[in-house]
Amino acid sequence: MSSQESSRPSDQDELFYTQCRAAYIAVFRSSLANISSKQQLCRVLQQAGRNPSHATLNKYWTSRTSKLNFDDFCEILKCERKTEEAELMRAFRKLDVNGDGYITHSVLEKALTSRGEKMTAEEVNAVFSLADVNKDGKLDYAEFCRRLVSTAEQCRTAALENLKADAKLKRQNFGSQLYSPPKSSVASESSASSAQHAESDSSAKKDSQSSSRPPSARSRRSSLSNSLTMTSSSSKAGKVLEPQGLQDWRHGSMKGCFFVEEDESISSLQYHLHLPQATSVYLTIQPLSLSHRPDKPPRWMNVDTALFVTSAGETKENSSLVCFTESKDKDKYVWRGELNAGTYHLLPFTTGCRLKKQSKKNFADKSVKLVYKTDTGELDLTSELREVLSEIFEVIDLDGNGLLSLEEYNFFELRTSGEKCDQDAWAVCKENFDMRKNQLTRQGFMELNLMEATERDGDPADLWVTLESMGYNRMLELVEACPFQIDVYCEGTQPSMQPLSLDSGTKLLNQALQKSITSRFGAKALRGHDNVFIYTYRGDHRISSLIANKANQKVTVHVNNEQNRNCCSSRGTTIFAVEVAARTKMVCQHVLPINEKQDWIYNCVETSLPST
């Protein structure tokens, strides 16, 4: 799949989020508003055509729930199906003992007051009085089902029509999810809505469309527009050239992996680099191609990578940004320069534009078989699972020597189980599984996983925990992780690299990322705010923006990317809002081209919103 295809939402997804937004705004004035009670949750679900039971509501609104936002609502709708007429008819037919298409009041009352979520007699009477259209004491349930489903559909249609009719409302009521009406549901929209469709269009045509916000609305808010035209990668000049005679330089390498976490953040190992003396250095980082399944090209090879180098101070506050990879050579992101003797942090980074959390709903009812019984009745791992385990072995073999040390194995254990293997447990492994030089071989790694499956009598539950923790879905596709490789070449000395724990990694990386943005480009004050500044980093292959709030109170900034062309954002959405606490900085978004072979236009409008 191309980067353009993987970054572009389908018409079905667009229609789904349009319907979510329409239902939400039919109940609340803005999709930034929160659901603050179980009753509101029930109402907005009904507006979206669902018929939530008490059990359903209690599943999403627990004793610890104080609020739900628009994103939460969208996720709930993904899990809860709309009430279908055929489903209702099946339920009523079970009560129709005569098979004549009618249900008497007494039969309905008995069913609704004694089964499932029991209703009171008063509630049954109220339902029956509404449903007994002919007032003959009998319920024509086919007519009732048609009316119920039709009413729900009319509510959804009316909400969609209201949303489409008021273009200004669409611009003001922005949520965290993408809003882009599919062509099938909108025949003629405003120029701004057409621009939103064109954002995913790799043609990146220039046009003269007007701002999506009317002049009267613009004058009431303080906004800042940043417009940058970026050339395609094929026309880039001034690449960092690979040093001549690189094969004679001293070389060190280390592997790692980006993982998408449950909260949609991205984590990875970080590393120490030690240089015994000052030297010329050539750094590269790139996605790692796993070679075991040549029939399935790696999906993650288009994921962007970067490497930030910081000084390894005694404290995090003493750590300062030294350099980072800005140039690209095919799949590699590179940096070349001089480094002094000393110890450095190597901090891998990806924007998240092309590596995101995937929905598990598509694989809820199907999964690849992991274990089977041989002709002799013994359990064994399927060939599909062995291929994946071999890939995992290659990823966690950080130094690439074909063996797993205890340290390497423990990074795997912490990732999949949250625990470490101590020296005693490692000694037990040595007695039971294939090892060499006190390190686990690939065969030993297979044996260890087979033992776990055998101990559970073939139950694959633990194996699935391992696989999903490593980024695989139920079809054994690596979709929520991106393996990478770092290479360090030194002209005059041998570099040494060691993996680090993740204790302070996020803060170190965030500091380095913020510094890379604020130190290279000047800031623009948000109009009307002397203490709120927008920094925009423009690299050859990435644009990143940062909001610095130097005021003594928080600020909320509305971000509009509708005029972008051939761009994808790390936010996964065209319009969103961010809240920046007093006297803090926040990375707002990263933007990459969808199609790197074509020009791309970044045209972002940041607007301050009134404090609430």
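## Helix α4 and threonine 56

The side chain of threonine 56 makes a polar contact, at 3.1 Å, with the side chain of serine 53. In this predicted model, threonine 56 belongs to helix α4, which spans residues 54-60. Threonine 56 has a relative accessible area of 15%, and because the cut-off for a buried residue is under 20%, threonine 56 counts as buried.

Helix α5 itself covers residues 70-79, and its buried residues are Phe70, Phe73, Cys74, Ile76 and Leu77. These residues lie on the same side of α5, because the arc they cover around the axis is only 160°.

## An open antiparallel sheet

Five strands make up an open sheet whose order is β9-β8-β12-β6-β18, with antiparallel pairing. The edges are taken by β9 (321-324) and β18 (496-500); each has a single partner strand, so one side of each is left without a neighbour in the sheet. On average, and with direction ignored, neighbouring strands of this sheet are turned by 25° against each other.

Strand β12, residues 342-349, has 6 of its 8 residues buried and is therefore largely enclosed by the rest of the structure. On one pairing, β12 runs antiparallel to β8 (residues 306-311), to which 6 bridges join it, and serine 311 stands opposite tyrosine 344 of β12. On another, 5 bridges join β12 to the antiparallel strand β6 (residues 270-275), where tyrosine 271 has leucine 346 as its bridge partner in β12. Strand β6 also pairs with β18, again in the antiparallel sense and over 5 bridges, and here histidine 272 stands opposite glutamine 498 of β18.

Cysteine 323 lies in strand β9 and, with a relative accessibility of 7%, counts as buried. When neighbours within four places in sequence are left aside, cysteine 323 is in contact with Leu307, Phe308, Val309 and Trp335. For one of these residues, phenylalanine 308, the C-alpha atom is separated by 6.2 Å from that of cysteine 323, although the two residues are 15 residues apart along the chain.

## Aromatic pairs

Across the whole structure, a search finds 12 aromatic pairs. One of them is the tilted pair formed by tyrosine 24 and phenylalanine 73, with 5.3 Å from centre to centre and 50° between the planes. This pair links distant parts of the chain, since tyrosine 24 is in helix α2 (residues 11-27) and phenylalanine 73 is in helix α5, 49 residues apart. Tyrosine 24 is buried at 0% relative accessibility, and phenylalanine 73 is likewise buried at 0%.

Another tilted pair consists of tyrosine 409 and phenylalanine 412, whose ring centres are 5.8 Å apart and whose planes make an angle of 50°. Because tyrosine 409 and phenylalanine 412 are 3 residues apart in helix α14 (residues 406-416), about one helical turn separates them.

How values were computed: Residues numbered from 1 in each chain as written. Predicted model: local features only at pLDDT ≥ 70, side-chain atom pairs only at ≥ 80, totals over all residues. Heavy atoms only, no water. Buried < 20%, exposed > 50% of the residue type's maximum accessible area, 1.4 Å probe, protein only. Helix = DSSP H or I, 4+ residues; strand = E, 2+ residues; numbered from the N terminus. Arc of directions from axis to C-beta. Pairing = 2+ DSSP bridges. Polar contact = N/O pair within 3.5 Å; in protein donor to acceptor, adjacent residues only side chain to side chain. Axes fitted to C-alpha atoms, helices over the stretch in contact; angles between N-to-C directions. Contact = heavy atoms within 4.5 Å. Phe/Tyr/Trp six-rings, centres within 6.5 Å; stacked < 30°, edge-to-face > 60°.
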